[in-house]
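Here are my notes for you to read alongside the model. Have the viewer open and click along as you go.

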Amino acid sequence: MADLFYKSFIKANRWQMYLQGLGITMWVTVLAAALGIALGTLACLFNMQRTKDGRRTIGSMIAYVYIDVIRGTPTMIQLLIMWNVIMASSRNKIFVAVMAFGINSGAYVAEILRGGIQSVDPGQMEAGRSLGMTRWETMISVVLPQAFKNCFPSLLNEFITLLKETSIASAVGLRDLTHAADLVSASTYEIFMPLLIAALMYYIVIKVLSILFNKLERRLRESDIR
């Protein structure tokens, strides 16, 4: 086992390939998460729009279709369509991955935020309107901040899920952590150890993030109590 580890991680400085791949994985995850939050917030707000008689607006219908289609199709298919069709002229694999995963994450963020908004006391909207604020001003200034706080744990879980999902980006040749393991396997003719090393690196990063997120969540709860 030690020989396999040396051959797959230490020899020829192969550990650098894993670290470089991990760096790309984290970079794609952070950018995709930022894009997902932006798209998800807009999609959520538009999806909740209604006319005075309770019917969907055009923006609401577009947002609903976006959320429904993205959540109802595999992430791998979305990534391949983005790479081979929508952005076929682009050779920037990081940009393509960020767009694909960001759009995918946005649909889930929209549903998470919708639950967060619905958990806010309806009286908050009425209070904002009574102060002369428009519905949009009240939503952005009063309701959304509380909604983000209510669904903060779910958003953190979405970030961790997104981090794991980026492993499929190796399908389009992105040199992420999973692709680094594939390259080492091709060089050493060993399959199990490179994949095990990549899995352990994913686990360690996710474990550290989970601990940090749990501490942050506890601090938020303590601030609410105070």
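1. Leaving aside its neighbours within four places in sequence, which residues is T75 in contact with? They are F101, N104, E165 and I168, where contact means heavy atoms within 4.5 Å.

2. A quick word on ground rules. This is a predicted model, so local features need pLDDT of at least 70 and side-chain atom pairs count only at pLDDT 80 or more, while totals for chains, interfaces and linings use all residues. Residues are numbered from 1 along each chain as its sequence is written, and side-chain values use heavy atoms, with hydrogens and water left out.

3. Back to T75. You'll find T75 in helix α4 (residues 75–86); helices here are DSSP runs of H or I, at least four residues, numbered from the N terminus. T75 counts as buried because its relative accessible area is 14%, and buried means under 20% (1.4 Å probe, protein chains only).

4. Now look at α2 (15–47) and helix α3 (residues 58–71). Two packed helices are described by the angle between their axes and the distance between the axes. For α2 and α3 the angle is about 130° and the axes are 7 Å apart (axes are lines fitted to C-alpha atoms over the stretch in contact, and angles run from 0 to 180 degrees between N-to-C directions). That makes α2 and α3 oblique to each other: angles under 35 degrees count as roughly parallel, over 145 as roughly antiparallel, 65 to 115 as roughly perpendicular and the rest as oblique.

5. Who does the touching there? L39, A43, F46 and N47 of α2 meet G59, S60, A63, Y64, Y66 and I67 of α3. By class, that contact has seven nonpolar, three polar and no charged residues (Ala, Val, Leu, Ile, Met, Phe, Trp, Tyr, Cys and Pro count as nonpolar, Asp, Glu, Lys and Arg as charged, and the others, Gly among them, as polar).

6. α3 also packs with α5 (93–118). Their axes come within 9 Å and cross at roughly 115°, so α3 and α5 are roughly perpendicular to each other. On the α3 side are Y66, I67, I70 and R71, and the α5 residues include I103, N104 and Y108. This contact has seven nonpolar, two polar and two charged residues.

7. Last stop: helix α7 (residues 135–150). T138, M139, V143, L144 and A147 are buried in α7, and the buried residues of α7 pack against α2, α5 and α6 (122–130).

Notes:
Helices (H or I, at least four residues) and strands (E, at least two) are DSSP runs, numbered from the N terminus. Buried means under 20% relative accessible area, exposed over 50%, partly exposed in between (1.4 Å probe, protein chains only). The bend at a residue is the angle between axes fitted to the seven residues ending there and the seven starting there.
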